[in-house]
Amino acid sequence: MTWVFAALLLLLAAPPVLWPLLARRERRRG
Amino acid sequence: MLLAELGSGFLLAALALVAFSALAALRAGRRGDRRWGQVGLRAFVAGFVCVAGASATLLAALLGRDFAVAFVTDHTDRSLSLPLTAAAFYGGQEGSLLYWLLLLGACGSVALASARHRVRLAAYANLVLAAVAAFFLIVLVAVASPFALLPVTPPDGVGLNPVLRDGGMLVHPPFLLAGYSAFAVPFAFAMAALVGGEEGNDWIALTRRYALVAWGLQSVGLTLGMWWAYHVLGWGGYWGWDPVENAALMPWLATTAYLHSVQVQERRGGLGSWSLVLVISAFLLSILGTFIVRSGILPSVHSFAVSPLGPWFFGFLLVAVTASGAVLAWRGTPEARSGGDGRPAAPAVPERERSGPSREGAFVLQNVLIAALTAAILWGTLLPLLSGMVGRELVVGPSYYQRVGAPFFLGLLGLLAVGPLLPWRGLSRGWSRRLLVHPLQPPGFLGSPLWAVLAAGLTLVGLVVGGVHQLPVLVTFPLVAAGLATCLQEYGRGASRWLRGPGRARSSTSQRRRYGAYLAHLGVLIVAAGLIGSHVWQQERQVILQPGQSVTVGGHTLTYEGTLSGSRDGHPVTTARLRMGAETLEPSRVSYPSLGQTVSRIAIRSTPFDDVYVVLTDTRGRAAALNVFDNPLVSWIWAGAGLLVLGVLIGNLTRPEVVPELAPAGSRAPVGAR
């Protein structure tokens with residue numbers, strides 16, 4: 001269960017954490 | 001059960017996030033890449049949020065009395081009050097590390113976010129903070145998890161150590177641990193400035209600000225520790241030169257030196273590398289302190305905190321010392337690089353017209369005294385360890401610290417009286433002549449050192465006439481009076497300028513900082529008087545009294561009336577009643593049969609002049625064995641420490657500012673002014 005919780009938390013954290021990189025890619029595509 | 005797994009999940013996710021944060025920050029630092037810098041910061045903050053989640057989970061387990069969790073069973077029981085049950089969070093080893101990490105995350109997140117406009121500086125600071133946080137998380141995940149489960153759930157817990165079952169538990173550890181963890185932030189910025197080759201002055205303002213936060217927290221933590229020791233341990237004093245006390249004092253001393261040396265750096269562009277050494281030393285000393293507490297390698301009153309984590313902290317200390325030493329050797333040598341910024345000194349008055357003692361000279365001397373004092377304390381603290389390695393274990397007692405520390409203490413008191421009166425760059429040539437011709441004028445009626453001399457002389461005469469013959473008092477009290485005169489006349493100068501000046505409504509940051517610093521100096525002087533007074537004039541009587549008998553200490557007569565039996569949180573208590581004038585003092589002893597311990601609860605009657613301090617050491621039939629102390633001026637220590645912290649708060653509750661230019665030659669900006 002510990003690993004499942006940890007993985008869920010990381011999934012939850014990934015979008016806001018990586019947003020500065022994702023936003024750049026979005027802008028490039030746009 | 002599920003709660004524990006959730007907590008472990010939070011810690012594991014936090015570890016992954018701070019490790020990623022370190023990598024992202026490294027990339028940002030090397031390339032000067034703003035986006036990766038943002039990613040590093042966001043990962044660090046997300047890691048902090050996970051640590052906060054783990055902390056909330058542990059708190060829920062404690063308050064829910066989930067005895068399946070080993071940490072809850074080991075540090076609480078059902079008889080423990082709710083606030084103390086919550087305080088058990090940092091009362092135990094694993095929880096205190098989690099608390100350390102929580103505060104590191106909070107301070108680090110705020111600091112990194114506020115410095116994000118400096119990409120490389122923030123990125124390297126992020127790297128250092130994430131590395132420190134990763135170490136703590138590895139320990140929490142792999143070695144000392146607060147969420148470890150017991151194979152069988154017991155009906156009740158073992159309970160908190162009886163000594164910790166006190167109101168002090170709610171205030172002392174949170175501040176001291178917060179101070180310890182906050183030292184990591186200025187350390188991270190100092191390392192980042194070195195690695196990133198920072199130029200300009202604003203990183204100095206940032207580092208200084210975070211050092212001030214750590215120093216303020218540690219000041220409160222140390223004072224509360226003294227207050228708690230005084231109220232709980234029952235030996236009549238507040239500072240025993242215990243290794244753990246020393247370990248908490250040393251980073252505080254190093255940061256005190258830094259807060260003064262950084263002004264020379266800001267003003268004159270000097271002492272840059274030295275300031276960095278001080279900031280880095282403060283952090284290393286705080287880790288050394290944690291190592292000493294956790295390893296139990298030295299006998300201490302904090303031995304309840306001993307754990308198998310000692311080698312881990314020793315390893316971390318070695319890595320930190322090596323890394324910071326290497327970085328200092330690599331980048332820290334040229335003065336111009338680390339804070340001088342290559343800005344040449346441009347004296348308005350030619351240097352040859354200025355000579356003799358200067359403000360910066362006073363700061364350097366103060367730094368030398370504090371560094372030497374810290375080294376002496378470090379030597380005394382580590383001596384049992386070092387001597388044990390080569391042969392017979394040698395231990396030094398309080399008398400070593402008192403003998404060795406006294407000259408430094410006196411020197412620092414002298415500097416408090418003299419330093420603020422000295423101008424930057426030194427005295428101008430005609431200074432001594434002007435002083436002789438117009439003794440109360442140079443450089444103004446309220447700027448003369450003669451006020452300090454007058455105050456010292458009058459105090460000395462007053463003490464001698466009053467029949468005081470103890471040498472420590474005759475030496476220190478005049479110095480304290482001189483320091484007070486110096487501080488007060490600076491306030492007087494400020495007030496007179498304010499009354500005369502056209503822009504009287506203007507209150508600049510530098511003035512706030514200046515007068516805040518003088519308030520802190522006043523606090524230190526009052527603490528110094530309290531320390532000497534309580535040390536020299538303390539009286540103690542050890543007596544066994546039958547009901548109706550009396551004891552007299554320090555002019556106070558206490559009459560023993562008898563004992564009462566009762567209970568406190570379900571534990572048997574014996575209370576002695578003593579009458580002193582119209583007041584009743586009730587020292588007691590609480591038994592914890594399940595833990596095989598008995599703890600004294602001390603009765604204190606406190607006034608601004610002295611404390612009557614009574615410890616019930618034993619009861620035999622109707623007789624009571626008592627230690628009765630008269631402790632003069634102890635309240636001055638608490639009041640002075642309060643002023644110290646208040647001064648720092650008043651002086652620094654503003655945004656950090658960059659020093660725009662060098663001070664003009666001979667300017668009389670005081671210690672507190674930037």
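Among contacts in chain B between residues at least 6 apart in sequence, 75% join residues at least 24 apart. Two residues are in contact if their C-beta atoms, placed from the backbone, lie within 7 Å. This is a predicted model: local features need pLDDT of at least 70, side-chain atom pairs count only at pLDDT 80 or more, and totals for chains, interfaces and linings use all residues. Residues are numbered from 1 along each chain as its sequence is written, and chains are lettered from A, ligands numbered from 1, in the order in which they are written.

Chain B has 20 helices and 12 strands. These are DSSP runs, numbered from the N terminus: helices are H or I of at least four residues, strands are E of at least two. Of the 674 residues in chain B, 51% are buried, that is, with 20 or more other C-beta atoms within 10 Å of their own, C-beta atoms being placed from the backbone.

Now the strands. Strand β8(B) covers residues 588-592 and pairs with β6(B), residues 571-580. The sense is antiparallel, over three bridges. Strands pair if DSSP finds at least two bridges between them. Here Thr575(B) has Ser588(B) in β8(B) as its bridge partner.

β8(B) also pairs with β9(B), residues 597-601. That pairing is antiparallel too, over five bridges. Tyr592(B) is bridged to Gln597(B) in β9(B). β8(B) and β9(B) form a hairpin, with four residues between them. In the turn, Gly596(B) has a positive phi of about 65°.

How values were computed:
A residue is buried if 20 or more other C-beta atoms lie within 10 Å of its own, exposed if 12 or fewer, and partly exposed in between; C-beta atoms are placed from the backbone.
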